[in-house]
Amino acid sequence: MAQALSKCVIQGKADPGLFLGPNNTFSSIYFASSLDAPAKGGGITVRSKNQDFAISRTVYIQASHDREFKEVTSTAFYLGYVCAECKTNLDKTMFQEAVASAHDTKAAVTGSKYYLLCEWLDMTPQSTAPTDIDEVIILRKQKRMASNVREGFSTFAGRKAGRDGFIRFLQDNPFNPKMFLRFVNHLTGLFGIDKPEENNVLKQGYF
């Protein structure tokens with residue numbers, strides 16, 4: 001997925017510092033020190049969060065108690081400008097967890113975007129408007145197989161008996177290319193955003 005998106009989204013763009021794919025991105029920063037236990041550079045420590053997919057860029061920082069930076073602590077991490085969580089089945093609990101993750105992501109990088117991608121919907125759809133999730137994309141445009149049908153797969157005999165029906169269910173609900181294109185268009189749209197120029201803003205009357 002990462003290689004395909006790289007060709008669709010960032011190929012040909014003069015920004016070799018971008019990293020596209022699964023990554024650990026910046027979550028928070030703290031200083032592990034105190035008056036009775038000082039540490040070089042204040043004991044600067046960075047927390048990161050694993051992202052299923054991210055467009056990110058490396059940041060290098062130094063911290064020191066000395067104005068001239070004679071004694072420093074250096075660290076490097078990735079800032080996630082676009083983060084996406086990928087699920088097979090999206091239920092209500094997973095959605096609420098993603099809401100919290102999206103909030104933390106945007107608190108860490110205020111201009112970031114957060115998307116939630118899943119194969120199957122396993123919950124009643126909820127509005128993302130009051131959340132920090134930019135969009136939920138259902139890649140197969142279908143709900144998960146009914147629970148009473150899934151119960152039959154709990155045993156070997158049940159899985160064997162239901163094999164043909166399960167294959168038909170997958171074949172009847174393939175990945176939808178338009179959903180992948182929708183995600184790609186979100187990303188390419190972000191790369192196409194230009195800094196507003198005063199003359200253009202005054203001409204159109206808004207920005």
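Guide: Ser112 lies in the loop between α2 and β4 (113-121); helices (H or I, at least four residues) and strands (E, at least two) are DSSP runs, numbered from the N terminus. This is a predicted model, in which local features need pLDDT of at least 70 and side-chain atom pairs pLDDT 80 or more, while totals for chains, interfaces and linings use all residues. Numbering starts from 1 along each chain as its sequence is written, and side-chain values use heavy atoms, with hydrogens and water left out.

Ser112 has a relative accessibility of 3%, so the residue counts as buried (buried is under 20% relative accessible area, exposed over 50%, partly exposed in between; 1.4 Å probe, protein chains only). Its side chain has a polar atom 2.8 Å from the backbone oxygen of Val109. Leaving aside residues up to four places away in sequence, Ser112 touches Gly80, Tyr81, Thr105 and Lys106 (contact means heavy atoms within 4.5 Å). Leu79 is 33 residues from Ser112 along the chain, and their C-alpha atoms are separated by 9.0 Å.

Take Lys106 next. Lys106 belongs to helix α2 (residues 92-108). The relative accessible area of Lys106 is 18%, so this lysine is buried. Its side chain reaches that of Asp134 in a polar contact of 2.8 Å (a pair of N or O atoms within 3.5 Å; within protein, one must be able to donate a hydrogen and the other to accept it, and residues adjacent in sequence count only if both atoms are side-chain atoms). The residues that Lys106 touches, again not counting those up to four places away in sequence, are Ser112, Lys113, Tyr114, Asp132 and Asp134.

The whole structure has one cavity of 30 Å³ or more (on a 1 Å grid over the protein atoms alone, a set of points where a 1.4 Å probe fits but cannot get out; lining residues have an atom within 4 Å of a point). The largest cavity holds about 40 Å³ of space, the volume being that filled by probe spheres set on the points, with points joined across faces, edges and corners. Its lining consists of Phe26, Ser27, Lys49, Gln51, Asp104, Thr105 and Ala108. β1, β2 (44-63) and α2 each give two or more residues to this lining. α2 gives the most, with three residues. Thr105, one of the lining residues, is also touched by Ser112.

With a relative accessible area of 11%, Asn23 is buried. A polar contact of 3.1 Å links its side chain to that of Ser56. Beyond residues up to four places away in sequence, Asn23 touches Lys49, Asn50, Gln51, Ser56 and Tyr78. Two of these, Lys49 and Gln51, also line the cavity.

Seven aromatic pairs turn up in the whole structure. In one of them, Phe19 and Tyr78 are tilted, 5.6 Å centre to centre with 45° between the planes (rings of Phe, Tyr and Trp, its six-membered ring, pair with centres within 6.5 Å; planes under 30 degrees apart are stacked, over 60 edge-to-face, the rest tilted). Phe19 lies in strand β1 (residues 18-31) and Tyr78 in strand β3 (residues 73-90), so the pair ties together parts 59 residues apart in sequence. Phe19 is partly exposed, at 33% relative accessible area. Tyr78 is partly exposed too, at 27%. Elsewhere, Phe53, Tyr115 and Phe183 form one aromatic cluster.

Definitions and conventions:
1 Å grid on protein atoms, 1.4 Å probe; cavity = no way out; pocket = protein on both sides within 12 Å on 5 of 7 lines; lining within 4 Å.
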